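Please study the sequence and the three-dimensional structure shown below. The paragraphs that follow lead through selected features of the structure in turn.

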Amino acid sequence: MRARTLLGTGTVAALALSGLVAAPAFAAEHPVINEFSADVTGTDTGFEYVEVHAAAGTDLSGHSLLVIKGDNPHDQVGRVLQAHAAPALDADGFGVLTYPANGIQNGSVSILLVEGTARVGQQVDADLDGAIDAGVGFTVVDAVGIHDGGAEDLAWGTRLDAAFDGGEFEPGGASRVPDGVDTDAPSDWVRNAYNGAGLAGFTATPAPGEAWNTPGEPNAVAEVEEPPAEATCGSDAVVAIGAVQGAGESTPVSGQSVTVEGVVVGDWQSGGFNGFTLQDAGDGDAATSDGIFVYAPGATDVAEGDRVQVTGTATEYQGMTQLANASLLECGTGSLPAPAALELPIADEEAHESMLVTLPQTLAILEYYDYGRYGEVVVGTERQMQPTAVAAPGSEEAAAVRAANEANRITIDDGRSTQNPDPAIHPGNLEEFTLANDFRGGDTITGITGVLDYRFGLWRLQPTEAGSFAEANSRPAAPNIEGATLEVASFNVLNYFTTLGSRGAATAAEFERQEAKIVAAIDELDSAIVGLLEIENNDGGALDTLVAALNEAAGSARWAGIQTGSLGTDAITTAIIYQPALVAPVGAHAVLDSSVDPRFDTSLNRPALAQSFRDLATDRILTVAVNHLKSKGSACEGDTGEPEQGNCNAVRTAAAAALADWMAGDPTGVEADGSLIIGDLNAYDHEDPITTLEGGGWADLLERFEGEEAYTYVFDGMLGYLDYGLADTELLPSVVGAAAWHANADETSLIDYSMAFKQDAQDALFAPDPYRASDHDAVVIGIAFPAAEPECAHPVFGDEHPVHGDDHPGRGFCTGNGQGNGGGAGDGNGNGQGNGSGQGNGNGQGNGNGDSGERRGQRR
């Protein structure tokens, strides 16, 4: 039978436009954006560029290239991210502007060639209608936009989305073919090879019909390798897949045409991979893999178990050996090979690349940040801790923890590269993810089977057969601290913004969902005092809205907020709500910012907010300080790169020292029976900011009551706590417990309030319950104050002083809370004993030599 060349309709159309080398053919009457690269495999440094083309001799003085953010909802949509003068053209009419890494953002983004100028940050589409506003100071000459499929994303100019050429994911770059053609249609463009083919340092070749990356040179589309005129199954041309894979990290026959034959062990033709995985009987060499991925866009469907012969070019793509430019020959059906059993840590993944394997160990789900968008989770032999959550930063112990974490994990993917796939696939049972068929961090998967491959910088298992899933970490109710008479909580409300379209909810529907979850969580916490993080800093507007929603849900004025107005300059702030039936504010609130102590840099940290409260049950006074220190997510000026502690450790440490001193100075001016520091300190418990506070006499309550493996946050699949309750020495004897409520960190973001990047079916994965109300777990501190000490009058000689007689009522000294009445008997000198909770010390004056008498203390 004749072999079939693997060409899709997009490829055919592209080849009709251009051969391997396209001669310059300027078709437009104006300069055009002729080629661009926004994203390639690996790091984009030096490989993001925009090429401009015009007739030779064209002067582009006064022209600019603008990069416009298209991702929505975000507060930057429609704003200028980059603005540069257009490059000068060479003798052939080409000019190239190169950007640094991430200069052209990934996702939805547009590139504009304009006459005139613009400034970075300028809003050029204020009404977000997809058209550049009048009066922006420039005229658009040409524009092209990548659209990544976001329902509310925008693109200005010719829109290139995933399907513009029949593909399944948006392009990372594209070329006009022929050069300069401009009919304002997507068909003017051919996607560039995402593997960097054509750029310095990249040895890959484009897939058939894809364009080479050719900045500053004529655009070109890759030719298709012609298949053999005739092919026969089992012919002498067939070589072992192991010979193509080789024993090293890359194929020893790169760029050569080879013919292999084997059984399909993984079918990934839909979902973005555009191919399948083939495995043969092996070459007897344990160092070489017997499987290979075949990149086959547009191929006739194959299925697992089919026997197929493939002729194609051996290449490396994203670090994985593959066959491209392929033709195939169907050879009937075969038997699936027995999967190789691999246990973590895997000694040599390369020897099993693209082979069918099984993971027999019971593996815990560690990381699920990318589950909603890319369908992947990370699993490991056990749940993993952040190194600085269990060891000193920079220590050998911390390094050993990190190394063990890296060795004992692997990613379970879903066989798709498309974003926000529908349906979402449960990683354990491979069935559709629903609210009734969900998972949490710490749940386990045993014996899953699939193809081991290497994509996007990670070794991954593309599942073909489900393992055994176990719910090892069921949803907990809110903590109820045994013995506590007063509870205080710290709760991150994940950008609760009443200003829609800024950091939090983008639409009224999103806000309703977000608020429902937050209200449900705070209601279940039922703490007397709750410190809030990440609430909008809008002069108390968001706080008032949240309190009103809480009271509406309660059916009464159960909650109130401390009115502070705006604090600091950040978009988010700290706040306090409380239950007036349980506690009452005492005195005014106090704020720690840079004006109080320059060490507390409030251009980076959010101001600390302190308030004293009277516990109405015991009359004791507690001061609570809510904090949100600078995150690790962005660098600070002067960062020295302290090992293991992330960006801005020095800023947080200085703030912690200032906070300890401020609290020691009684900032609210109210004499309290103890103080708490709560909130998100953005440091794990062995890091400098926390050890600084501990050195100042503050006790870490999660460590004390939950131990080293306490956590409130999951980052990169590792546990630790950034959220704290810290007690001073006065309060510590009254603290009876502390606990993190794992209602958020262990839950996938697929079920949160946000509707961004989700298809309708995934939007429906929502319930107005406390779970995934935030990405941080709440921390609850339980306190049992002793009742206030009584105030007792000193007995004096007078009307009420016991004299001359037995059983004369008297009043003695008391230390306690008891109320007592009674008489003391005896004459002479007797010592009265208080009854109840007070001890009376009365000297009764009597006649004669009487016995000591019992008296009851009286509490005043």
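D619 is partly exposed, with a relative accessible area of 44%. This value, like the others in this text, is computed from a predicted model. D619 takes part in a salt bridge with R614, in which the closest N and O atoms lie 3.3 Å apart. R614 also counts as partly exposed, at 28% relative accessibility. Elsewhere, salt bridges that share partners connect R383, D438, R440, R475, D746 and E747 into one network.

Side chains of opposite charge can pair when their charged atoms come close. In the whole structure, a search finds 29 salt bridges. One of them links D161 with R159, with 3.6 Å between the closest N and O atoms. D161 has a relative accessibility of 22% and counts as partly exposed, because buried means a relative accessible area under 20%. R159 is partly exposed at 40%, since exposed requires over 50%.

Which residue forms a salt bridge with R503? The partner is D570, and the closest N and O atoms of this pair are 3.2 Å apart. R503 belongs to the loop between β25 (486-496) and α6 (508-525), whereas D570 belongs to the loop between β27 (560-561) and β28 (572-578); the pair therefore ties together parts that are 67 residues apart in sequence. R503 is partly exposed at 39% relative accessibility, and D570 is partly exposed with a relative accessible area of 24%.

Strands of a sheet pair through backbone hydrogen bonds, either parallel or antiparallel. The sheet considered here is open and has six strands, in the order β27-β28-β26-β25-β38-β37, with mixed pairing. Why is one side of β27 and of β37 (735-741) left without a neighbour in the sheet? These two strands stand at the edges, and each has a single partner strand, so one side of each has no neighbour there.

α6 touches β25, β26 (529-536), β28, β37 and β38 (778-783), and its direction makes about 170 degrees with that of β25. Helix α7, which comprises residues 541-554, lies across β25, β26, β27 and β28 and runs at about 130 degrees to β26.

The two helices also meet each other. Their axes, those of α6 and α7, come within 10 Å and cross at roughly 65 degrees. The crossing in which α6 passes α7 is right-handed. On the α6 side, the residues of the contact are F511, E515, I518, V519 and I522; on the α7 side, they are T545, L546, A549, L550 and A553. What kinds of residue make up this contact between α6 and α7? Eight are nonpolar, one is polar and one is charged.

The final topic is the backbone. Most residues other than glycine have a negative phi, and most peptide bonds are trans. Against this background, several positions deserve attention. L344 and P345 are joined by a cis peptide bond, with omega at about -5 degrees. P345 is located in the loop between β17 (340-341) and β18 (356-367). A cis peptide bond also joins D422 and P423, where omega is about 0 degrees. P423 has its place in the loop between β21 (409-412) and β22 (444-455).

Positive phi values occur as well. F456, a residue other than glycine, has a phi near 50 degrees. F456 is found in the loop between β22 and β23 (458-465). With a relative accessibility of 47%, F456 counts as partly exposed. E534, also a residue other than glycine, has a positive phi near 65 degrees. E534 is found in strand β26, and β26 is one of the strands of the six-stranded sheet described above. Is E534 buried or exposed? E534 is buried, with a relative accessible area of 12%, because this value falls under the 20% limit for buried residues.

Key:
Residues are numbered from 1 along each chain as its sequence is written. This is a predicted model: local features need pLDDT of at least 70, side-chain atom pairs count only at pLDDT 80 or more; totals for chains, interfaces and linings use all residues. Side-chain values use heavy atoms; hydrogens and water are left out. A salt bridge is a side-chain nitrogen of Lys or Arg within 4 Å of a carboxyl oxygen of Asp or Glu. Buried means under 20% relative accessible area, exposed over 50%, partly exposed in between (1.4 Å probe, protein chains only). Helices (H or I, at least four residues) and strands (E, at least two) are DSSP runs, numbered from the N terminus. Two strands pair if DSSP finds at least two bridges between them. Contact means heavy atoms within 4.5 Å. Axes are lines fitted to C-alpha atoms, for helices over the stretch in contact, and angles run from 0 to 180 degrees between N-to-C directions. A crossing is left-handed if the near helix is turned anticlockwise from the far one by less than a right angle, and right-handed if clockwise. Ala, Val, Leu, Ile, Met, Phe, Trp, Tyr, Cys and Pro count as nonpolar, Asp, Glu, Lys and Arg as charged, and the others, Gly among them, as polar.
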